[in-house]
Amino acid sequence: MAQAAAAPHPRATPGQPCVFKLVLLGSSSVGKSSLALRYVKNDFKSTLPTVGCAFFTKVVEFGAASLKFEIWDTAGQEKYHSVCHLYFRGANAALLVYDITSKDSFCMAQQWLKDLEKEFQPGEVVVMLVGNKTDLGEEREVMFEEGKEFAESKGLLFMETSARLNHQVTEVFSAVARELLQREERKKDQTQQRDARLALNERPAGQAKCCAH
Amino acid sequence: MLGTVNKMKHQMMLFFFQRGNLPSLLLASRKKMSLKSERRGIHVDQSELLCKKGCGYYGNPAWQGFCSKCWREEYHKARQKQIQEDWELAERLQREEEEAFASSQSSQGAQSLTFSKFEEKKTNEKTRKVTTVKKFFTASSRVGSKKAEIQEAKAPSPSINRQTSIETDRVSKEFIEFLKTFHKTGQEIYKQTKLFLEAMHYKRDLSIEEQSECTQDFYQNVAEKMQTRGKVPPERVEKIMDQIEKYIMTRLYKYVFCPETTDDEKKDLAIQKRIRALHWVTPQMLCVPVNEEIPEVSDMVVKAITDIIEMDSKRVPRDKLACITKCSKHIFNAIKITKNEPASADDFLPTLIYIVLKGNPPRLQSNIQYITRFCNPSRLMTGEDGYYFTNLCCAVAFIEKLDAQSLNLSQEDFDRYMSGQTSPRKQESENWSPDACLGVKQMYKNLDLLSQLNERQERIMNEAKKLEKDLIDWTDGIAKEVQDIVEKYPLEIKPPNQSLAAIDSENVENDKLPPPLQPQVYAG
């Protein structure tokens with residue numbers, strides 16, 4: 001299994017957008033699926049999956065660059081927690097979703113983060129904390145500041161959304177996309193610098209050319 | 001009774017015969033004997049009960065009328081003969097192949113086929129290594145042990161080898177046909193693939209992980225070469241990669257699927273046993289959002305189970321993945337019909353677990369390991385197929401870890417169900433469990449209906465009989481009454497009256513009548 005858990009690198013094929021794998025994590029009924037459904041559905045009605053909404057793809061145009069999101073929904077029930085690390089394999093980004101009206105779901109999100117940290121090196125994946133269901137503001141149990149503080153302490157991106165009202169949904173994914181592209185850019189620079197320094201003729205596969213166009 | 005026992009014995013013997021490949025001569029005599037044993041039901045001759053060899057012991061029809069000792073001797077002889085024949089056939093085939101090989105290449109006439117091939121490959125390796133091999137394969141191809149090679153060549157199962165070679169030949173032909181459309185690039189790819197397969201031939205002694213790594217390296221190298229050197233557009237690269245995977249994995253399958261060097265088989269048996277032990281798990285315990293009472297849904301469930309079982313029959317990792325994806329689509333359909341809304345991952349995973357528990361797919365762990373090791377890696381970590389495959393891995397991992405808590409049961413209940421002391425089904429108040437398969441339920445319903453019909457039928461019959469009796473009684477009654485009346489008022493026919501002229505002759509009252517009116521004449 002060692003080779004399967006190798007460091008993730010987006011498939012870089014010139015002329016085609018890089019593929020980034022994004023995992024949706026969080027307790028059940030916090031709105032993971034709704035979030036993804038809202039994001040994919042709103043702009044591309046035609047690509048709406050007909051039967052299941054657990055796996056989505058979406059191409060994002062981002063200025064000159066474009067990338068393709070592969071969104072993997074995961075089962076949120078606590079009993080499946082122990083096996084869900086399998087979903088992380090090869091992920092580039094993760095959304096930690098919690099329900100702002102449920103303190104428990106916020107604690108669970110922190111648990112998910114611990115699992116992620118076990119599997120990945122810091123900085124290897126883009127992680128974003130998302131507080132969903134802002135439309136239920138009067139039942140709020142987790143304050144905006146609480147989420148923000150936690151996210152900042154762990155170096156995560158943070159946003160509050162409402163999948164029902166379509167509030168800030170696209171922004172969440174755009175922020176992740178931007179971060180992913182920036183990191184890719186940085187990685188590319190580093191590789192180039194290293195290449196120049198070491199005067200290597202052969203560049204490592206799969207990294208250097210990604211998202212250059 | 002005797003007949004059925006004999007029949008069973010014959011079946012058993014047939015089994016042995018099939019395994020031992022006894023010559024047709026013996027089969028014919030067996031037929032004769034079976035006729036004899038059928039006749040025996042009518043007439044039993046003492047001499048027929050004794051061993052045919054005349055050793056004095058009783059014979060047995062299952063042993064062709066020999067006693068156990070004589071039979072063993074006879075059987076052993078026949079078996080030896082068969083083995084001898086098999087050997088001769090294998091050797092002849094080997095010679096033929098050798099000759100064919102020698103005619104195409106000026107071979108040095110080695111003793112066995114694989115050994116000569118082996119030598120040939122080695123020289124090939126030596127000459128080509130400098131030019132191309134080194135470029136494609138960084139790992140040095142270690143030389144496999146000669147002993148293993150020769151042993152394998154002598155394994156007396158030519159029929160099996162031939163059967164698989166038919167399929168491999170077909171795939172090879174398809175592969176070559178496919179590559180022809182790419183002209184020069186195709187040639188190059190074919191050469192690389194051939195070299196890779198040869199290299200893999202010598203790596204059979206390495207651990208499966210190392211073999212897997214070589215394969216993955218090969219995938220990556222070929223794809224890169226095609227893009228950079230061959231300038232093949234990415235969509236076509238994917239297509240070619242699929243074909244390459246199909247070609248090489250069809251050839252490597254029998255060496256790298258569930259290899260003896262790993263404990264894959266042990267794991268297969270373990271998970272199979274585990275799933276069997278969990279046979280009592282109901283959809284309710286797993287919170288599966290699927291209602292199997294809807295015929296369409298149970299249809300989908302059956303299809304999903306068929307797909308996941310079918311996975312084992314495929315050779316190419318990609319085909320195996322396609323089975324998982326097909327299964328998943330059926331699951332999504334089942335959930336969608338039940339819930340009337342698209343399913344999310346929260347619904348999907350439990351249902352997949354339920355399907356795996358219900359289907360108990362053969363060699364589950366081997367298949368998962370094989371796919372993980374030899375599938376094109378880009379397909380496993382990303383893409384829809386990869387997603388469903390990951391879900392299957394999760395389902396299997398969950399089944400392995402499954403405990404009372406994850407089914408919302410108390411530890412005692414869980415233990416009791418696991419040990420088979422009780423079943424949750426028995427505790428149901430109804431006389432059949434609600435999750436019994438639809439056919440059984442339908443059968444129960446039909447039985448109910450039948451008994452009701454029976455009752456009504458009986459009632460109708462009773463009433464009909466009563467009606468018949470009533471009718472008979474009524475006719476009898478009427479007849480009796482009529483008879484009574486007839487008796488009471490006997491019919492008497494009087495003689496006919498006299499002529500009409502004398503109608504008043506006896507009428508006495510006529511005398512009292514006034515005289516008839518006389519006509520009066522008036523002048524006028």
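Across all chains of this predicted model, a search of the whole structure turns up 25 aromatic pairs. One of them joins A:Phe144 and A:Phe158, whose ring centres lie 5.4 Å apart with 55° between the planes. That pair counts as tilted, because the label edge-to-face is kept for planes over 60 degrees apart and stacked for those under 30. The two residues are 14 apart in the chain and come from distant parts of it: A:Phe144 belongs to helix H4 (residues 144-154) of chain A, and A:Phe158 to strand S6 (residues 157-160) of chain A.

A:Phe144, at 35% relative accessibility, counts as partly exposed.

Aromatic residues of chains A and B also come together in one cluster, formed by A:Phe55, A:Trp72, A:Tyr87, B:Phe332, B:Phe348, B:Tyr387 and B:Tyr388.

In chain A, A:Lys58 lies over the face of A:Tyr39, 4.4 Å from the ring centre. In chain B, the charged end of B:Arg204 sits over the ring of B:Tyr255, at 3.4 Å from its centre.

Turning to chain B as a whole, its secondary structure consists of 20 helices and zero strands. The chain has 524 residues, and 39% of them count as buried. Of its contacts between residues at least 6 apart in sequence, 68% join residues at least 24 apart. The accessible surface of chain B is about 33100 Å², with 55% of that belonging to carbon and sulfur atoms.

Notes
Residues numbered from 1 in each chain as written. Chains lettered and ligands numbered in written order. Predicted model: local features only at pLDDT ≥ 70, side-chain atom pairs only at ≥ 80, totals over all residues. Heavy atoms only, no water. Helix = DSSP H or I, 4+ residues; strand = E, 2+ residues; numbered from the N terminus. Buried < 20%, exposed > 50% of the residue type's maximum accessible area, 1.4 Å probe, protein only. Contact = heavy atoms within 4.5 Å. Areas by Shrake-Rupley, 256 points an atom, 1.4 Å probe, with all protein chains shown as cover. Phe/Tyr/Trp six-rings, centres within 6.5 Å; stacked < 30°, edge-to-face > 60°. Lys NZ or Arg CZ within 6 Å of the ring centre and 35° of its normal.
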